[in-house]
Amino acid sequence: MDLTLHVWRQKGPKNNGKLETYPAKGISPDMSFLEMLDEVNEGLIKNGKLPIVFDHDCREGICGMCSQTINGRAHGGQERTTVCQLHMRSFQHGDEIFIEPWRARAFPVVSDLIVDRSSLDTIMQAGGYTSCHTGGVPDGNAHPIGKPVADYAMDAAECIGCGACVAGCPNSSAMLFTSAKVAQLAVQPQGKIEAKARVINMTDALQAEGFGNCTNHLECEASCPKGISIKFIAKLNREYIKTIAG
Amino acid sequence: MILDGKTPTGPIEKTWDKHRFDMKLVNPSNKRKFKVLVVGTGLAGGAAAASLGELGYNVEAFCYQDSARRAHSIAAQGGINAAKNYPNDGDSIYRLFYDTIKGGDFRAREADVWRLSQVSNNIIDQCVAQGVPFARDYAGYLDNRSFGGAQVSRTFFARGQTGQQLLLGAYSALSRQVKAGTVKMRERTEMLDLVVVDGVAKGITCRDMVTGEIQSYWGDAVILATGGYVNVFYLSTNAMGCSVTAAWKAAKKGAFMANPCYTQIHPTCIPQTGDHQSKLTLMSESLRNDGRCWIPKKKEDCEKTPGDVAEEDRDYYLERKYPSFGNLAPRDIASRAAKEQCDDERGVGPGKRGVYLDYATAIERVGEHTIKERYGNLFEMYEKITDENAYKRPMRIYPAPHYSMGGLWVDYNLMSNIPGLFVLGEANFSVHGANRLGASALMQGLADGYFVIPYTIAGYLATVTPGTVTDEHPAFKESKEQVQTQIDTLLNIKGKKTVSELHRALGKVMWEDVGMARSESSLKHALQRIPEIRDEFWNNVNVTGSGNELNQQLENAGRLADFLEFGEILATDALHREESCGGHFRTEHQTEDGEATRDDENFAYVGAWEFKGNDKAPELHKEPLKFENIKLAVRSYK
C-alpha cells in the first residue's frame with residue numbers, strides 16, 4: 001500500500017518544529033509501524049536527507065520506549081497496543097498519517113519524535129519502592145497474599161512507563177502512572193508500611209514536575225497500551241485522603 | 001596461557017560460604033571513598049548499582065535507554081528458577097545445580113553454578129520484599145510452573161511478564177538509591193571505551209547520546225552488565241539497541257572473550273514474514289508446558305489449514321524423539337529438531353520455516369479460560385503480529401537467536417583478566433555452559449547483582465587505594481581522542497550503503513554459516529565473508545548527520561563496527577571447537593540420529609580469546625573444566 005506521512009521534525013529542544021510530508025510507498029501489511037518508518041528512513045538516507053529519529057527498543061511492546069502520537073492518538077489508538085506492535089494492516093492504501101511526539105509540558109521534545117520523560121523517573125524516585133535492604137528479608141512465603149490481591153497488584157504493575165497516559169490526557173496528568181505504583185504497593189503487606197509517605201511524596205513529585213491534575217477525562221485508560229484501569233486512580237485518591245485525614 | 005578461575009576448593013556445598021569468609025571486607029566508613037561505575041541497568045546492573053549504593057559505595061550507573069527501567073531484561077516472559085522446593089516435588093539446591101550443569105552440556109564451572117543455585121532462593125525472597133507481584137495460589141502462597149530441561153516445578157512467574165516485574169523491582173531499589181544520593185544515574189549515555197591504566201580498569205569513555213559530547217568517567221572499579229551479543233545475527237529477539245559494543249571495547253583493551261560460539265537459538269519465536277523485518281519476537285518457552293509441537297507427516301499437507309490435517313497425519317516430533325521430556329526438551333534440542341523438520345521440507349507458513357505449537361489438547365483438558373489465564377498476554381501478542389487467533393488455530397513458531405552463553409571471561413569473583421573490570425549477567429560467560437536452561441537468565445542476572453558482586457567487589461577494593469587514578473590521568477584524554485577519531489571517521493566515509501543494509505548482510509552470513517548448525521566449510525566461508533563486509537563498511541557506509549547531536553545512524557554504525565570485528569571471533573571459536581555441545585552444533589560431530597557429540601577429552605575447557613587486531617589471529621587461552629561433583633555424561637533427554 002502507499003501512504004502519505006506528515007511527520008513532526010524538530011532538530012532540538014530549542015528549535016521550532018514543523019510537520020514535513022513524506023511518501024511511504026509499497027508498504028506491506030505485515031510490517032509494524034516502526035518497520036514502515038525504518039523503510040521511509042532508508043529512503044531519506046538514500047536521498048541525502050536526515051532520517052526521522054524516534055525512540056524504540058524492544059519492539060515487542062514491553063520496554064515502553066516507543067512513544068508516538070499517531071493521528072492524534074497516543075500509540076495510534078489501537079486497544080492495548082504500543083506503536084511497535086501496531087501493524088500496517090490496520091491502515092489502508094492512500095491513508096494520510098500524522099505522526100507527532102508526546103505533547104506535554106513535563107515531556108520536552110528532544111528531537112523529532114523523541115521526548116524527555118525523566119520526570120517519570122523522578123516520580124518513582126520519590127517513593128515508588130519498598131525500602132527493603134538487599135538481603136535480610138523473610139522467606140517469600142512468610143506473608144501469604146491472597147490471589148485476588150496478588151492479581152490486583154499485578155494488574156497495576158503491568159504499567160510500562162511509556163507516558164501514553166500523559167500524552168492522552170487533556171491536562172497532561174500523570175495520575176494513572178503514579179497511581180499504578182501507589183496501588184501495587186499499597187495492597188501488599190510489604191508495601192503497606194510506607195503507604196502513607198509514598199502517596200504524599202509521589203503526588204508531590206508529580207505536581208513539582210509540571211504534570212497537570214486529574215479531572216476524570218478517562219483518556220489515560222483509553223490511551224494505555226497495557227489497559228491499566230483508572231480504578232487505581234480512585235485507589236490513589238483513597239490512600240491520599242486516608243493519609244491527610246490522619 | 002592456562003587461565004585460573006580461582007574457584008575455592010573443598011566440598012562444593014561449602015565453597016561459597018568459605019569464600020565469603022575468606023574475602024577481605026571494606027570498612028563501612030571507607031566505602032564512600034570508593035567510586036564504582038556500573039554500565040547497564042538491566043537485572044544484573046540495576047541490582048548491582050542498587051545494592052552497592054545501599055552498602056555505601058559511591059556509584060555511577062549508565063544506560064543507553066532514556067530510563068533505567070527499560071533494559072531488555074524487561075522482555076523475559078516465562079519466569080525465574082529457584083530451588084525453593086515449595087511444590088514438594090523433589091527439588092533441592094543440589095538438583096538445580098545438577099540440572100544447570102547438565103543443561104549447559106558440561107561446559108560451565110561447577111563452583112559458579114553451585115553458588116547460583118544456592119543464592120537462587122534469596123532472590124525470590126528479595127523480590128517478594130520489593131513488592132514484585134509473583135503469581136500465587138488461592139491460599140496465598142507462591143505458585144510455580146515447569147520449564148524446559150527440568151522435571152520439577154521450580155519456576156516462579158508474574159503472568160507472562162516476569163522479566164518486567166523483576167526489572168521494575170531492581171529499578172525501584174535503584175530509584176531509592178538515586179533519591180538517597182548514593183547512585184548517580186546517567187541515562188542516554190553509551191559506553192564507547194574502557195580506560196585501562198597500568199593494566200588496571202580505571203574508567204570508561206561515553207558519548208552523551210543527546211548532545212554528542214564525549215565524556216570520560218573514572219572509577220576504582222568498573223562493572224559491565226551490558227547484556228548479550230546475538231544482534232550479531234541482525235534478526236534476533238534482542239532489543240534494537242542491544243550490542244556487543246561495551247564488551248568488545250573491553251576486549252580490545254585486553255579482556256578475554258570466552259566461548260563466543262555458545263549462542264542460544266530459542267525454539268519458540270514468531271516466524272519471519274519478509275525482508276522488512278527488523279526483529280523477531282519470542283514467545284515464552286512456558287508455552288511448551290501446554291502446547292504440543294507438530295508438523296504434517298506428509299509434505300503435501302503443509303499447505304492445508306492445520307485443522308484439516310488428520311491426527312494420524314501429524315508428527316508430534318518432540319514427543320516422538322524425546323518421550324521422557326517431550327515438548328519440554330531443552331532449548332537447543334527443541335530448536336534443532338524444528339530446523340530438521342523444516343529442512344525435510346515439512347515446515348508450515350511463509351517460506352515453510354515454521355512448525356505448529358498446538359493448544360487444542362490443553363484447551364480440551366483444562367478449558368480455554370485456564371489457558372487464557374496462563375498465557376493470555378502471549379496469545380494476544382501473537383495475534384497482534386500474525387493476525388491469527390491461537391485459541392482456534394495452532395501457533396506457528398520457528399527458532400531465533402535469543403541469548404549468548406558466551407561473554408567476557410571472568411573468574412569466580414566475576415572479575416575479568418583485567419583487574420578492576422567486573423562483568424555480570426549475560427555479558428559474562430560463567431554459569432550457563434554451552435546452553436542456558438529457561439528461567440535461568442533472570443536468576444543469574446539477579447544473583448550476580450544482588451548477592452555475588454556486593455561481596456566479591458569488596459575483596460578487590462580492599463586491595464586498592466581509592467581515588468589514586470582520576471580522569472586527570474593522560475589515559476583518559478587519549479581514550480576520548482580515540483573515541484572522537486572513530487566517530488569522525490565514520491561520519492566522513494559518506495558511502496552508498498546504509499548501516500542497516502550492511503548489518504543485514506552480516507546477519508545473513510552469521511545466520512546461514514554460524515547459526516543453528518555449523519560446519520568447517522560454512523565457518524570458513526563466514527571467516528572469508530565477514531572481513532569483506534567489514535571492508536565494505538569502512539569504505540562505503542553512509543552515516544548521516546553530525547557527531548554533536550542526537551544521531552541514531554551514528555549509534556548504529558558504531559555498534560555494527562564492533563559486531564563486524566566480534567563476528568569473526570565468534571566464527572573462529574566455532575571453527576576451533578571440533579565438537580558439538582549445547583548451542584554449538586557442528587554437523588561433523590553428531591550421532592547417526594542427529595544428536596550432538598561432545599568431545600570431553602579434547603574440549604572440556606573454556607576457550608578465552610585475546611584480540612590481537614583485525615589483521616592478526618586472536619590468541620586462545622584455556623581454562624580447563626573439572627567435574628568433581630557431577631559425572632561427565634552424555635546429555636540425554638530421551
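Two residues are in contact here if their C-beta atoms, placed from the backbone, lie within 7 Å. With that in hand, let's walk through this predicted model, starting with chain A. Take its contacts with a separation of 6 or more: residues 24 or more positions apart account for 72% of them. The chain has nine helices and seven strands, and its C-alpha trace spans about 60 × 35 × 35 Å along the principal axes. Of its 246 residues, 55% count as buried.

Now let's see how chain A meets chain B. Each chain brings 64 residues to the contact, 64 from chain B and 64 from chain A. On the chain B side, the helices that each supply at least two residues are α3, α5 (110-129), α6 (162-180), α11, α12 and α16 (552-576). Which of the helices gives the most to this side? That is α6(B), with nine residues. By class, the side of chain B that touches chain A divides into 23 nonpolar, 27 polar and 14 charged residues.

Two packed helices are described by the angle between their axes and the distance between the axes. For helix α3 (residues 43-55) and helix α12 (residues 441-461) of chain B, the axes come within 8 Å and cross at roughly 20°. Angles under 35 degrees count as roughly parallel, so α3(B) is roughly parallel to α12(B). The crossing of α3(B) past α12(B) is right-handed. If you want to find the place where they meet, look in α3(B) for residues including B:Leu43, B:Ala47, B:Ser51 and B:Leu55, and in α12(B) for residues including B:Leu442, B:Leu446, B:Tyr450 and B:Ile453. The contact of α3(B) with α12(B) has eleven nonpolar, five polar and one charged residues.

Finally, turn to the backbone in two loops of chain B. Most residues other than glycine have a negative phi. B:Lys352 has a positive phi, near 55°, and sits in the loop between α9 (331-343) and β14 (355-358) of chain B. B:Asp387 also has a positive phi, near 65°, and lies in the loop between α11 (368-386) and β15 (395-404) of chain B.

How do their surroundings look? B:Lys352 counts as partly exposed because there are 16 C-beta neighbours inside 10 Å. B:Asp387 has 12 other C-beta atoms within 10 Å, and a residue with 12 or fewer is exposed, so B:Asp387 is exposed.

How values were computed:
Residues numbered from 1 in each chain as written. Chains lettered and ligands numbered in written order. Predicted model: local features only at pLDDT ≥ 70, side-chain atom pairs only at ≥ 80, totals over all residues. Axes fitted to C-alpha atoms, helices over the stretch in contact; angles between N-to-C directions. Helix = DSSP H or I, 4+ residues; strand = E, 2+ residues; numbered from the N terminus. Parallel < 35°, antiparallel > 145°, perpendicular 65-115°, else oblique. Left-handed = near helix turned anticlockwise from the far one by under 90°. Nonpolar A, V, L, I, M, F, W, Y, C, P; charged D, E, K, R; others polar. Buried ≥ 20, exposed ≤ 12 C-beta atoms within 10 Å, placed from the backbone.
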